[in-house]
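Here is a short briefing on one structure.

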Amino acid sequence: MTRKTALVCGAGGFIGGHLVHRLKREGFWVRGVDLKFPEFRDVEADDFVIGDLRRQDVCERVIDRRFDEVYQLAADMGGAGYIFTGEHDADIMHNSATINLNIADLCHKRTVRRVFYSSSACMYPAYNQEDPDNPKCAEDSAYPAAPDSEYGWEKLFSERLFLAYNRNHGMSNRIARYHNIFGPQGTWQGGKEKAPAAICRKVASTPNNGEIEIWGDGLQTRSFLYIDECIEGTLRLTRSGFEGPVNIGSDEMVTINQLVDIVSDIAGKTLHKKHIDGPTGVRGRNSDNNLIEERLGWRPSQPLRSGLEETYAWIERNVRRNAD
């Protein structure tokens with residue numbers, strides 16, 4: 001029997017690395033492509049190409065056959081400190097849109113039937129996320145469009161791009177809107193890390209009874225999905241008859257202050273919060289999981305704390321190693 005083949009774009013990143021690991025366990029032959037090798041794990045792909053997917057010649061070299069599954073995770077992205085300052089808007093829009101235009105068209109020309117595209121909850125309208133206790137993030141609330149960042153606008157454009165290829169070229173592309181994915185082997189310092197990793201790093205670096213800085217008043221709400229559940233939802237959607245877009249996220253909503261308290265408790269520390277000015281994004285965001293349960297018969301279920309325990313342990317080891 002011929003082995004199934006998969007291409008993972010963005011395989012050097014956090015989600016991409018975990019996805020390659022899962023596909024290899026399922027017996028796939030996997031090609032990964034990224035600007036860099038995975039930072040925190042060995043390369044598990046059968047073939048790993050270092051290349052810039054903004055370049056059409058690189059895409060042509062990578063998409064040289066008809067893959068059974070293509071996962072398009074490659075993007076210019078980061079946490080609030082990268083996305084919401086406005087300083088990187090042109091790069092974010094140009095780089096990510098160029099990659100998506102290249103991948104969609106070359107997959108069509110190579111008769112790849114199915115591309116999974118990772119969109120983001122950042123494409124939801126800011127006007128539905130002003131109440132931290134009652135954010136509205138059902139899939140049908142996307143329009144009238146008003147994302148809170150240029151990153152979100154680019155995600156919305158690329159959703160429509162892959163859906164247009166479905167309509168016009170008979171493809172079966174699948175789209176998920178990720179909500180704050182976290183876990184071990186993700187970026188934890190340097191300015192592009194997400195909130196759970198940043199808070200784990202701050203808690204691990206601060207002595208008991210110390211003080212950590214929190215952007216804003218800490219009352220903004222979010223939900224955070226552990227990486228293993230993200231991968232499970234991604235594969236279920238990709239192999240389903242439903243094109244999406246659909247949320248892949250947790251519906252366990254917490255404030256940033258609560259997130260700090262959970263991580264502090266895991267660390268066995270009493271820490272004081274110092275609220276400072278900084279980019280915070282929308283006031284409230286939480287994954288609405290009614291559609292994914294209705295269409296795929298599945299929804300994420302792992303408690304936030306259990307994922308944070310795994311993530312904190314991994315980041316604490318890295319913090320200690322860097323301090324030595």
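Lys136 touches Asn128 and Ser141, leaving out residues up to four places away in sequence. The model is predicted.

**Lys136 and its loop**
- Lys136 sits in the loop between β5 (115–120) and α5 (150–169).
- Its relative accessibility is 45%, so Lys136 counts as partly exposed.
- Lys136 and Ile83 are 53 residues apart along the chain, and 21 Å separates their C-alpha atoms.

**Helices α6 and α8**
- Helix α6 (residues 195–205) packs against helix α8 (residues 256–267) at an angle of about 45 degrees. Their axes are 10 Å apart.
- α6 and α8 are therefore oblique to each other.
- The crossing of α6 past α8 is right-handed.
- From α6, Ala195, Pro196, Ile199, Cys200 and Val203 take part in the contact. They meet Ile256, Leu259, Val260, Val263, Ser264 and Ala267 of α8.
- By class, this contact of α6 with α8 has 10 nonpolar residues, 1 polar residue and no charged residues.

**Nonpolar cores**
- The largest nonpolar core holds 54 residues. Val8, Ile15, Leu23 and Tyr178 have the most contacts inside it.
- Helix α10 (residues 304–323) supplies the largest share of this core, 6 residues.
- A second, separate core has 27 residues, among them Cys59, Phe67, Ala104 and Tyr117.

**Around Tyr178**
- Beyond its neighbours within four places in sequence, Tyr178 is in contact with Ile15, Leu73, Phe116 and Ala121, among others.
- Its contacts also include Ser118, Ser119 and Ser120.
- Cys230, Thr234 and Ile248 are in contact with Tyr178 too.

Definitions and conventions:
Residues numbered from 1 in each chain as written. Predicted model: local features only at pLDDT ≥ 70, side-chain atom pairs only at ≥ 80, totals over all residues. Heavy atoms only, no water. Axes fitted to C-alpha atoms, helices over the stretch in contact; angles between N-to-C directions. Helix = DSSP H or I, 4+ residues; strand = E, 2+ residues; numbered from the N terminus. Parallel < 35°, antiparallel > 145°, perpendicular 65-115°, else oblique. Left-handed = near helix turned anticlockwise from the far one by under 90°. Contact = heavy atoms within 4.5 Å. Nonpolar A, V, L, I, M, F, W, Y, C, P; charged D, E, K, R; others polar. Core = buried A, V, L, I, M, F, W, Y, C linked by side-chain atoms within 4.5 Å. Buried < 20%, exposed > 50% of the residue type's maximum accessible area, 1.4 Å probe, protein only.
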